[in-house]
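Subject: Structure for your review

Dear colleague,

Please find below the structure that I am handing over to you. I would be grateful if you read the notes after it with the structure open beside them.

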Amino acid sequence: MKTIAIANQKGGTGKTTTAYNLGIALTQQGYRVLMVDFDPQGNLSCYCGIPPEQDLEQTITELLMKVAYEKPLSNRECVYQSKRTDDSAPQVDFIPSNLRLASFELAMGTMMCREVLLKTCLEQYSSQYDYCIIDCSPSVGLLLTNALSAANEVIIPMQAQPFSVVGMSQLTNSISSVQRKINPGLHIRGVLLTMTQHTKVSEHYAHDVRAKYGRTLHVFTTEIPYNVKVQESQAFAAPTILYEPKSSSARAYVEFTQEVLGHGREEQVYERDEDARDR
């Protein structure tokens, strides 16, 4: 099971929308996908059909507590299936979250092996799924550390705006710290520019991100454009790629998924270059 954390300590960058659409798109490609809502706000859970007022007894918090206190876990514990918005919507397995996760983060500070609780939780699912997508909370703390410790790869959604660029160093420092101390196999899969617009400001910062980070980090060729259909799909708890498949944002998420799978233009050019070098 490849585990991908969708992370950025800044809110409003499109983490949840990216996590959900990527999970649905991978499912459409025939992969077995588990999505994990690791944000106390529970937005991914809402996307999957669990309204915030519904007080679930089994969430990621209960799973973490069992692992922390070394209690046995049953098969597929805390795993739900997303609700179908229509006949074309595939069902995806997910582990929900709610505000109890915020309280548990405070309690984690005194626990043994607190940085790898999520990693231990997810080990029981490793043979059941091809991909695990973690929707991270917009913060730098034990929740983010746990997500990075459990992941093989990190995808960083980023708006082409000045404050988004400023916060990147803090996030990359957190990732580097986890790589050195806990998870040496972790690597940044790439930066995904989201909510881009045909304005001078947006285009300037998109170019700035590629110029500043392109030499050290992969910046996905695909950009997710700002589109009102994304907000509409959120209101109907539907993935953008199914709610309005012909919209620019839906097409972009499909292309982004192909890049994640290694079918994007940059991946193909890289492979050709490798072949040329070997010859």
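The notes that follow describe some helices and then some single residues. Please keep in mind that the model is predicted.

**Helix α4 and its surroundings**

I begin with helix α4, which spans residues 100-108. Its buried residues are L101, F104 and M108. These residues lie on the same side of α4, because they cover an arc of only 55° around the axis. On the face turned away from the buried side of α4, the exposed residues S103 and L106 are found.

Which elements cover the buried residues of α4? The cover includes strand β2 (33-38) and the helices α3 (60-68), α5 (117-123) and α6.

**The packing of α4 against α6**

Two packed helices are described by the angle between their axes and the distance between the axes. For α4 and α6 (residues 142-150), the angle is about 85° and the axes are 9 Å apart. Because angles of 65 to 115 degrees count as roughly perpendicular, α4 is roughly perpendicular to α6. On the α4 side, the residues that meet α6 are L101, E105 and M108; on the α6 side, they are L142, L143 and N146. By class, this contact of α4 with α6 consists of 4 nonpolar residues, 1 polar residue and 1 charged residue. Two of the α4 residues in this contact, L101 and M108, also belong to the buried residues of α4.

**Helix α6 and residue S149**

How many of the 9 residues of α6 are buried? The count is 9 of the 9, so α6 is largely enclosed by the rest of the structure. Among them are L142, L143 and N146, which take part in the contact with α4.

S149 is also in helix α6. S149 has a relative accessible area of 1% and is therefore buried, since buried means under 20%. A polar atom of the S149 side chain lies 2.7 Å from the backbone oxygen of T145. Apart from neighbours within four places in sequence, the residues in contact with S149 are E115, V116, K119, V178, I182 and N183.

**Helix α3**

Helix α3, one of the elements that cover α4, has buried residues of its own: I60, T61, E62, L63, L64 and V67. The elements covering them include β2, β4, α4 and α5. After α3 comes E70, which has a positive phi, near 55°.

Sorted by class, the contact of α1 with α12 has 6 nonpolar residues, 4 polar residues and no charged residues.

**Three further residues**

S97 is located in the loop between β4 (93-95) and α4. With a relative accessible area of 7%, S97 is buried. The side chain of S97 reaches the backbone oxygen of D39 at 3.0 Å. Not counting residues up to four places away in sequence, S97 touches D37, D39, P40, G42, S45, T59 and I60. S97 and P52 are 45 residues apart along the chain, and their C-alpha atoms are separated by 9.5 Å.

E153 is in strand β6 (residues 153-159). Is E153 buried or exposed? E153 is buried, with a relative accessible area of 6%. Its side chain makes a polar contact with the side chain of K2, at 3.4 Å. With neighbours within four places in sequence left aside, E153 is in contact with K2, T3, I4, A5, L186, H187 and R189.

V201, in helix α9 (residues 200-213), counts as exposed because its relative accessibility is 52%, and exposed means over 50%.

Yours sincerely

Terms used:
Residues are numbered from 1 along each chain as its sequence is written. This is a predicted model: local features need pLDDT of at least 70, side-chain atom pairs count only at pLDDT 80 or more; totals for chains, interfaces and linings use all residues. Side-chain values use heavy atoms; hydrogens and water are left out. Axes are lines fitted to C-alpha atoms, for helices over the stretch in contact, and angles run from 0 to 180 degrees between N-to-C directions. Helices (H or I, at least four residues) and strands (E, at least two) are DSSP runs, numbered from the N terminus. Angles under 35 degrees count as roughly parallel, over 145 as roughly antiparallel, 65 to 115 as roughly perpendicular and the rest as oblique. Contact means heavy atoms within 4.5 Å. Ala, Val, Leu, Ile, Met, Phe, Trp, Tyr, Cys and Pro count as nonpolar, Asp, Glu, Lys and Arg as charged, and the others, Gly among them, as polar. Buried means under 20% relative accessible area, exposed over 50%, partly exposed in between (1.4 Å probe, protein chains only). The arc is that of the directions from the helix axis to the C-beta atoms. A polar contact is a pair of N or O atoms within 3.5 Å; within protein, one must be able to donate a hydrogen and the other to accept it, and residues adjacent in sequence count only if both atoms are side-chain atoms.
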